[in-house]
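Student: I would like to go through the labels attached to some residues here. Please set each value against its cut-off.

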Amino acid sequence: MATFRKTLRNSAYRLVLEMNQGTPNVANNTSPVSYSAYVEKTSGSGYVSSYSHPYNIKINGKTVKSGSFSGYNFKNYSRLSLGTGTVPVAHNSNGTKTVSGSAYFEANQSGAIGSATVSGNLALSRIARESTLTAPNSFVLGNSFDIKLDRQDSSFFHYVDIKLGSTMLWSQRVETSATVLIDRNQMLDLVPNSNSASLSLVYSTRTEDSSVIGVSTKTITCNLNAPNPSISGITNTEAVDSVASLGVGYVQTKSMIRVALVGVEPGRGARIVTTRITVDSQVLNATSGVTQPIQKSGNITIVGTVTDSRGKTFKREMVINVVPYSNPKITSIKAFRSKANGDRDDYGTYVKFEVGHNITSLSSKNIKRIKIKIGSNDTWVALPNYVGTYIKIFSGFDVNNSFPFTITVDDYFGNTVTSSIIPNGAVTMMWGKDNMSIGTTELKEPGSLNVKGQGYQQGGKKILDENSLPETVYINGVKIKKYIDGTMEQYGNIKGNWTIDIPMGNGFRQLGNFEFPIKFIDAPESVTVVGTNYVMMSVAEQITKDSCPIRFMSLDRNRVIDNFYFEAKGRWK
């Protein structure tokens, strides 16, 4: 507040003007100015007048109050008010303002207190007229962008700082506009784990003497447009020495590839977080490694993939060729007794082999050979072709004996083997040298009777080999028909003891005692045959009985046997 005083002709009186600034209106660049003017008695008993006394009050060059008093009486008061009020005052464009004020009072009559004019100036506080910023909300790193500052007075200027956290990226004094270009490498190095960053644009509006009028901040998003990671190349070599020495390139199912990514680099400022190599559906999570054997042939794509800490990914591919390969195969075999010229002779002493084979060529570098081991013959022979039929005749094989043989077809990587038997010579009947034994439809071998095929006795009963389960059996008197190749399958609620009756027909041939060895398949361990693991019928029982009972028991009498299999094949003793 400012107070201005002027003493009247009568020194006991003075004219006073008071002015005061209220709260500025920043948006309108104005301030309210209040005023008060009055005549004040400082001493004495007080004068009285009945004359007319004019007055006026001016603020900022304008009359805000005027009029005339019809007299005064300072005996009754010590202060005569000329007027009070408040007026808005506009500031200058730079926010400054000095307001002038004056008050006039007239009392010139004889015996009056006198006339006077009082005046003064009130310097208003400066209104902070901060500049307005225009800038984009985001920009792409590497591209420049413009900022504009709309200042309120031509004497104003600005300092503009752009920061990432506390790190200064750009700083400059700006009058009204500027073009900003952020250093790309600096920014990428500062942001290793993201593709964008929020920057603070701080600008201060200043007067001509650098006094700060105001400071404001705007947030701008920087899209890094970061570079991708990179792989300069992929190397690949054979990891299996034996395949490499063959010199035909990669071989299906045999080659293991040693592969590596070369020149792996993250984008500027980032770091590599994952590395992957894919070969024929095999994945190596590393920059290098060795695959398992490659299962496919033809063109195989090797894919190297890297990802950096910004989540950016780069792939590099290359194509290799894998030569088709399969293990050697024996495609067909014919092996039989023959004459010397190879014609079939079931009683011949020569043996003829016709072996079909298929071996992968591998550009004619693969090994191809065969060995037929029979008798004393055990020699590798080079095959003339990779695919074809090898024919060989061997001599010196006694017609009275059978001979096992083994065929091996071999290549560089491995072989395939098969075995069988060349039977003895085929005859209709042969008497043994002792005239006490005989062979029918096959050569005589050890034993009293050698028969190729089954022998039957009276009533169509088999007399040789074994008796298997008949088509129908009974369990506890219930007819059951469920068996395959002498194996009966039983389902249901069976517990405790039970009996299976196997119909055999009335009257066995009296060739000796007859027994059924019992073999359980997938049966509970608690199931057993009563007393033994087989059932035997004496010669006398065979004559009088038409079935063979087999009695079972469960050691756990309360346990239900849901299903099991058993095998019962009769044999002569």
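Tutor: This is a predicted model. We can start with S309, which is placed in the loop between β25 (298-308) and β26 (313-323).

Student: What makes S309 buried or exposed?

Tutor: The relative accessible area of S309 is 15%. Buried means under 20%, so S309 is buried.

Student: Which residues is S309 in contact with, leaving aside its neighbours within four places in sequence?

Tutor: They are P192, N193, A270, R271 and V273. For P192, the C-alpha atom is 6.6 Å from that of S309, and the two residues are 117 apart along the chain.

Student: What joins the side chains of S309 and N193?

Tutor: A polar contact of 3.4 Å joins them. The cut-off for such a pair of N or O atoms is within 3.5 Å, so the value of 3.4 Å for S309 and N193 meets it.

Student: Why is the pair of E40 and R14 called a salt bridge?

Tutor: The N to O distance between their side chains is 2.8 Å. A salt bridge needs a Lys or Arg side-chain nitrogen within 4 Å of a carboxyl oxygen of Asp or Glu, so E40 and R14 qualify. The pair links distant parts of the chain, with E40 in strand β3 (residues 30-41) and R14 in strand β2 (residues 13-21), 26 residues apart.

Student: Why can such side chains pair at all?

Tutor: Side chains of opposite charge can pair when their charged atoms come close.

Student: What does E40 form with R79?

Tutor: E40 forms a salt bridge with R79, with the closest N and O atoms 3.4 Å apart. E40 lies in strand β3 and R79 in strand β8 (residues 79-90), so this pair ties together parts that are 39 residues apart in sequence. R79 is partly exposed, at 45% relative accessibility.

Student: What is the N to O distance in the salt bridge of R173 and E175?

Tutor: The side chains of R173 and E175 meet at 3.1 Å. R173 is partly exposed at 44% relative accessibility, and E175 is partly exposed at 34%. The charged end of R173 also sits over the ring of F157, 3.5 Å from its centre. As for networks, salt bridges that share partners join R14, E40 and R79 into one.

Student: How many salt bridges does the structure hold?

Tutor: There are 10 salt bridges.

Student: How many aromatic pairs are there?

Tutor: The count comes to 12 aromatic pairs. In one of them, the rings of F397 and F403 have centres 5.1 Å apart and planes at 80 degrees. Centres must lie within 6.5 Å, and planes over 60 degrees apart count as edge-to-face, so the F397 and F403 pair is edge-to-face.

Student: What makes F397 and F403 buried or exposed?

Tutor: F397 has 4% relative accessibility and F403 has 17%. Under 20% means buried, so F397 counts as buried, and F403 is buried.

Student: Which residues do ring pairs link into a cluster?

Tutor: Ring pairs link Y13, Y47, Y72, F74 and Y77.

Note on methods: Residues numbered from 1 in each chain as written. Predicted model: local features only at pLDDT ≥ 70, side-chain atom pairs only at ≥ 80, totals over all residues. Heavy atoms only, no water. Phe/Tyr/Trp six-rings, centres within 6.5 Å; stacked < 30°, edge-to-face > 60°. Buried < 20%, exposed > 50% of the residue type's maximum accessible area, 1.4 Å probe, protein only. Lys NZ or Arg CZ within 6 Å of the ring centre and 35° of its normal. Helix = DSSP H or I, 4+ residues; strand = E, 2+ residues; numbered from the N terminus. Contact = heavy atoms within 4.5 Å. Polar contact = N/O pair within 3.5 Å; in protein donor to acceptor, adjacent residues only side chain to side chain.
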